[in-house]
Structure formats: C-alpha cells, structure tokens
Amino acid sequence: MQEKILVLGSSGQIGTDLIETLRQSYGSENVVASDIKEPAKHILESGPFEIVNAMDRDRLEEVVAKHGITQIYHLVAMLSATAEKMPMKGWDLNMVSLFHTLEMLREKQFNKLYWPSSIAAFGPTTPKVDTPQHTVMDPGTVYGISKLSGELWCDYYCKKYGVDVRSIRYPGLISYKTEPGGGTTDYAVDIFHKAKKEGKYECYLAEDTALPMMYMPDAIKATIGIMEAPAEDVKIRTSYNLAAFSFTPKQLAEAIKKHIPDFEISYNVDSRDAIAQGWPQEINDQVAREDWGWKNDFSLDAMVEDMLKNV
C-alpha cells in the first residue's frame, strides 16, 4: 500500500527538513505539509499543503480523509522558554493536539503516529551524566511536563488499544534552515548566525552549561528511521533516548574559533540557564541503537563545519 503522510507543524525547525526528506523518499504527491500559516515557497511548490490548526479536530479529520492519510508526524508544540511565559496555552496546545491524533488513531482514521518527546521530560533529580533510558523523570517546565505526560499517554494508547505510536526524546537540535523558535537550546543555532554576521555572540547560558545536542540531518534520520522500523523492533512506546554529542557554550565557541579565529563569546545569563540546569548533560541512547539500529553520522566538529558553510 502506498503510504500517504501528513506532517503537522511542517513550517517549524524539524518540519522544514522533514518535509523535504520525506518527499524525496515517498514522492512529493504523497507527503502533505500542514501548518497554521503558509510555508516557504519551495515547500508550497514542491507538493500538497493544507492550512491546519492541530487544535481543530474537524479540520484534521477532513484533511486525513481528503488525502487518504496513513501516517501522521505530529510536530506541533509550544517550546520550553515560550511555554513558561504562557503556561496554560502551552499545555493546551501540546496536549489537546496530541489527544486529537491519538483518538483518530484509535478510531483507525490512519495507521501510524509519530509524536516527539524531548530531554525536557527529564528533571533536576534525573542522573545528569549517561542518563539511562529508564530513570527518574520530574520535569520542572510546562513543556517538559507536557512531554512526559504525552509519553505516558502514547504508551497507554499502545497498550490499551493496540495502536502504533512511536516517539524519540530529542536533544537540542541545530539547523541552518530555520530561525530559532523559542527553545532553551536555541543559542546553539543563533550563535552561528551571529558568528558569521558580527563575529561575536552574547550567550544566555553559562559558559559551562553542558547539554546534549544533535545536528538536524541526524534528527531527521532518526525520526524517519523509527517510523520505518518493523513494529516488533520498536519495543518502547513511551519514548526513546536519542543522542549524538554534548557540549557547553564555551566548547562550541572553541569549535567555531577553529574556522573564525577572531570570534568572541560573552555571557549574560538569564532564566533559560535555570531551565537547562534541570536537564541532562549527556544521554545514553544504547537502547535505540540496539532496538532499531539508530546511529548518528555527525560529530561536533563535522556539525560546526557544515553549519558555517551553510548559514
């Protein structure tokens, strides 16, 4: 059967790259981009697009039926720093939109759902180094609370109703194709733009705040990889740990200086550093590697070189 894929939130950081890769793999006509606003011109011109508010279940059902959708990638979310400013809106967007897709999946309106979690689902008492797949999770942000809750609901729907829902916990993601979108890890994108334009960057995290990170091509590889894996290989239905490399702002600046020797970094620490302090510094993703063959391609230095080439 020909897969028909709907990507919710396709204009975001992950969605922009995911749409392009999915269309290359499955055919442009079989991958429907959707968001609450029109996307970049090349996305609009390369395949079908629908205006969809993920909070509007009637509209979701209409688009799924219209295109004969078999898979949904649910990428809609209000990220950590933004959701802290409007907690109830963040909770509603992140959870109500998930329930719409879970219920539609239960009713067999489509066959397979991808919903991303995040390292924000961990918390201050989670082991920070070599964070295991199964561990203490006590998130301290609205975004993290919604992600942990969503993980448990996905697992519940899988066990209770036998639906096929899959998830990975993203680390901080780095991409040159989209602007920063309100996440705590966004400094690791913005720093490249400032390095190229101004030769300097003022960071809102402390110089020694280490966080797990990943280059977007690897995140896209993992996202499609878990969706294409045989169902019997996807043994965890909450969410899989995922990792590539970890670094501090100081270490990232040093890597950039290898290419831009005069680059300067300064620090003006704000509330986002407190959020980051509650997250792991280094993730153990051995279970994903063993279960469905996950493997990253990019190291820190390879990512920095490619970012500076493309920003």
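Trainee: Is Trp 292 buried or exposed?
Mentor: Trp 292 is buried, since its relative accessible area is 11% and anything under 20% counts as buried. Please keep in mind that this is a predicted model.

Trainee: Which helix is Trp 292 in?
Mentor: Trp 292 belongs to helix H11, which covers residues 286-292.

Trainee: And how far is Trp 292 from Glu 228?
Mentor: Their C-alpha atoms are separated by 9.4 Å, although Trp 292 and Glu 228 stand 64 residues apart along the chain.

Trainee: Changing topic: which residues make the nonpolar surface patch?
Mentor: Trp 153, Tyr 156 and Tyr 161 form that patch, with an area of about 290 Å².

Trainee: Where is Trp 153 found?
Mentor: Trp 153 lies in helix H6, residues 142-161.

Trainee: How do H5 and H6 pack?
Mentor: Helix H5 (residues 87-106) packs with H6 at an angle of about 15 degrees, and their axes are 10 Å apart. The two helices are therefore roughly parallel to each other, as angles under 35 degrees are classed that way.

Trainee: Is the crossing of H5 and H6 left-handed or right-handed?
Mentor: H5 and H6 cross in a right-handed sense.

Trainee: What about H3 and H5, at what angle do they cross?
Mentor: Helix H3, residues 57-67, crosses H5 at roughly 45 degrees, and their axes come within 10 Å. That angle makes H3 oblique to H5.

Trainee: And is that crossing left-handed or right-handed?
Mentor: The crossing of H3 with H5 is right-handed.

Notes:
Residues are numbered from 1 along each chain as its sequence is written. This is a predicted model: local features need pLDDT of at least 70, side-chain atom pairs count only at pLDDT 80 or more; totals for chains, interfaces and linings use all residues. Side-chain values use heavy atoms; hydrogens and water are left out. Patches are made of residues with over 30% relative accessible area and no salt bridge: like charges are joined within 9 Å, nonpolar side chains (Val, Leu, Ile, Met, Phe, Trp, Tyr) within 5 Å. Accessible areas come from the Shrake-Rupley method with a 1.4 Å probe; for residues, only the protein chains shown count as cover. A salt bridge is a side-chain nitrogen of Lys or Arg within 4 Å of a carboxyl oxygen of Asp or Glu. Helices (H or I, at least four residues) and strands (E, at least two) are DSSP runs, numbered from the N terminus. Axes are lines fitted to C-alpha atoms, for helices over the stretch in contact, and angles run from 0 to 180 degrees between N-to-C directions. Angles under 35 degrees count as roughly parallel, over 145 as roughly antiparallel, 65 to 115 as roughly perpendicular and the rest as oblique. A crossing is left-handed if the near helix is turned anticlockwise from the far one by less than a right angle, and right-handed if clockwise. Buried means under 20% relative accessible area, exposed over 50%, partly exposed in between (1.4 Å probe, protein chains only).
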